[in-house]
Amino acid sequence: MLGIDRIDRVVFTRMLGEEWRLHASLFGGRRFALFPLLVAALTAAGVVALVETGTSLSSVIAGLHALVFAFGLHTGSIGLVGRDAIEDLLGDVTLLVFSAHTLPISRRRLLGHFLVKDALYYSGLFLVPITAAFVVAVGQGGFGFLDLGRLWLSTTATFLLGLVVTLALVGIATRGVSGWFSIGGLSLVGGGLWYANVDVLAATPYALYAEPSVLAFSGTLALLVGTAVLGIYAYEPVDAAPTRTRVPVFTKWRRRLGDDTGLTTKTLLDVARSNGGLWKLLFSGGILFAVCVGLVELAERITGVAPSVGITFGALLGLSAFTSYNWITQYDDPTSYLRYPLGVPDLFAAKRRAMVLVGLPTAVGYFALAALLFGASAVDAVAGLLLLVGYHQYLFGLTAALAGFEPNEFLFDSLKFLLFTAAVAAVLVPVLVVGLALAPLGGTTLALLGGVGLGLLVLGELCYRYAVARWTTRLGD
């Protein structure tokens, strides 16, 4: 029998190798190998554009850390996917990280290997090229080559912090504590520290770059180790309930929705019965909302002018369509429906209706919250709402056209990712520039931006129709 140390090495290397094999087999080895180069090129272009338009390099780097933390939070949602795999909600799927019953290694050690594997893998795939892209900023504001290494260290630690925070929240939830209760507790603690003028950032990974110190190093180490230990020891992937009996609500939901095919009902029930339920959409939207708040406050500090709340939040919250579409397409295989008298157009129609029923209301809810918190005017709010609906439909149609029913996987394809990024940036960046830098906006400008939202709604519909035609042919309807 293998020694325990060798078992750890074997499991870890297999996890790392399998992650690469999966992506390379899905997207093609060469095309996927080019993905880090694409990330570096897009990041370099973004850094140059921001710096040349007057944004300080320190602000760019602070925003980068916020985005990396959000990415870590999203990656940590493997806890939700893992439990669903165990409960057979993802079909015939066996994840190595949840194979403790068949391997001579504990579940907690497997989770530990998983965290380290993700930190290494995604650091190489995203954070190394992102950091390397900042070479274009060398010489500006005292930024030198040695700062690149510090930036990589701080962003990697920030990503890992987001990863373990989500795992800890999910782990606590598996022990019967509501996730919202945990988030509320963290918010109260954070608000209390802020009210007491405590410099919380001084003990976080961001301080490893901004203000390196013993406090920054020890605080980061304590946060990472403490949160990881909490998540690993609290997380319980196997449902302790002795039965999987569900209340037979399919007929009731189908009747209330007027769902002739039953596909919309099945889509909503798949998400609702997965771990985290429909709250996952609210959580994903909340992460985007927090990023929007940070961006608005950062823009106001840089320009000295309050951005247009409706335009900025409307445009950015429309991006939640991608994460919503990812959740509602995650729990079934479109080819499995071909045995029934149903077509691919029926499945697309069901997904679109599910997006309208749960995805769009989530984005609108956060938009209304932003309008109330930041005091948007009525005209600004209406124009922003039109933009939100337009961007939401456009992102849905574009994602469906490029990725079909597998948005989370196929957008790692370098070519498709480039097309997706270009198509989003072409319609998003000009509107954000207007909303963030040219405020306050007059009535005529707001009316024009509302018209842009309607135009995006039409464009999204055209993308959706193209997606139906394309994937109907590909899936052999």
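Me: What share of the 477 residues of the protein chain counts as buried, and what makes a residue buried?
Reply: Of the 477 residues, 48% count as buried; buried means under 20% relative accessible area, exposed over 50%, and partly exposed in between, with a 1.4 Å probe and protein chains only. The model is a predicted one, in which local features need pLDDT of at least 70 and side-chain atom pairs count only at pLDDT 80 or more, while totals for chains, interfaces and linings use all residues. Residues are numbered from 1 along each chain as its sequence is written, and side-chain values use heavy atoms, with hydrogens and water left out.

Me: Why is Thr329 called buried?
Reply: The relative accessible area of Thr329 is 4%, and the limit for buried is under 20%; therefore Thr329 is buried.

Me: Which residues does Thr329 touch, not counting residues up to four places away in sequence?
Reply: Thr329 touches Lys351, Phe405 and Pro407, where contact means heavy atoms within 4.5 Å.

Me: What makes the pair of Asp380 and Ser308 side chains a polar contact?
Reply: Their side chains make this contact at 2.7 Å. A polar contact is a pair of N or O atoms within 3.5 Å; within protein, one must be able to donate a hydrogen and the other to accept it, and residues adjacent in sequence count only if both atoms are side-chain atoms. The distance of 2.7 Å therefore meets the limit of 3.5 Å.
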